[in-house]
Amino acid sequence: MRILPHLLWLPLVLCACAAGLPGGNMPHPPQFFSTDSVRLTWMGTAGCFISDGETAFFIDPFVSRPGLLKVGLGFALAPQSDQIAEWCRKTGNMADAVIISHSHYDHAMDAPFFASNTGAVLVGSGSTAMVGRGAGLNEEHIRVVTFGDTLRIGQFRIRFLESRHGPALFGKIPWPGRMEKPLVPPAAASKYRLGKTFTLLIEHPKGTLVHNGSAGYLPGMFDGITADVVLLGIAGRENTRGLLDNVVVPLGAATVIPIHHDHFFSPLNKPVKPLWGVHLGEFEQTAGAYKETFEIHWIHVGEPILVFP
Ligand SMILES: [Zn+2]
């Protein structure tokens with residue numbers, strides 16, 4: 001299903017159609033959560049909040065954003081409970097799932113706390129489960145998935161495709177390996193090992209989204225799969241053309257939303273600026289050669305968009 005571009009990029013305004021989940025603490029604010037559409041809110045990095053009015057879930061929510069010095073010097077990083085609570089409050093304090101694409105700190109560190117604040121189940125690799133256990137989540141709030149698994153929540157069907165992390169650290173994949181025991185925060189960034197790397201295929205009757213949270217891929221991983229919209233992590237990509245040719249083009253997607261290009265060592269209450277080395281100009285210029293195939297749409301942190309009306 002094709003999206004309607006004229007609707008997609010208009011900032012959403014408050015409407016009177018608030019809809020909470022049964023038993024919810026409070027109704028989801030309508031701009032984030034409406035009964036007649038699929039809406040997406042980018043949270044910076046690869047973090048997203050997605051809802052269709054009945055079901056809501058986070059992907060890779062990360063809002064603590066410790067500074068570069070702390071990360072680089074190996075200080076123990078503490079999830080910022082006030083920031084996490086604020087984002088949960090903004091999106092209605094309820095979610096069905098918190099889904100993690102890989103277990104690096106900038107994807108998984110805050111996830112258990114989003115789950116405990118909203119009553120959601122934490123879903124990810126065995127390493128992500130260790131992040132959940134270390135943060136005190138009960139087993140009934142943890143679900144381990146592997147390549148090829150499918151999660152059904154409401155009308156969403158989410159498939160966990162095998163993927164590969166981008167060569168983000170001087171041409172190498174940072175902090176590889178997996179976590180074998182619960183990781184109790186605060187913990188250094190290097191303790192958050194990669195685990196499995198998933199690309200998420202998110203199917204809904206209104207349309208199909210792909211979340212490619214890291215700028216990597218496996219050739220042929222999308223054989224036989226199509227999507228309308230790709231949420232494309234672009235930091236640490238090997239090269240732009242390879243990323244587009246192996247992710248966006250095979251999917252036949254009409255719309256690309258770049259994510260994970262923001263300077264995530266800076267807090268979200270400051271204006272979002274690009275991460276060093278992301279080369280947004282080069283990305284736009286290279287992607288421009290594909291303008292007959294797909295469009296690039298830049299979106300803003302914290303501003304919900306209508307993905308599928
Ligand atoms: Zn990563």
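Reader: Where is the place of W175?

Author: A quick note before that: this is a predicted model, so to speak of local features takes pLDDT of at least 70, side-chain atom pairs count only at pLDDT 80 or more, and totals for chains, interfaces and linings use all residues. Residues are numbered from 1 along each chain as its sequence is written. Strands are DSSP runs of E, at least two residues, and helices are runs of H or I, at least four, numbered from the N terminus. With that settled, W175 sits in the loop between β8 and β9.

Reader: What is the phi of T45?

Author: Most residues other than glycine have a negative phi. T45 lies in the loop between β1 (38-42) and β2 (48-51), and is buried, with 25 other C-beta atoms within 10 Å. T45 isn't glycine, yet its phi is positive, near 45°.

Reader: Which peptide bond is cis?

Author: Most peptide bonds are trans. Look in the loop between β8 (156-162) and β9 (198-204), where you'll find P186. With omega near 0°, the cis bond is the one from P185 to P186.

Terms used:
Buried ≥ 20, exposed ≤ 12 C-beta atoms within 10 Å, placed from the backbone.
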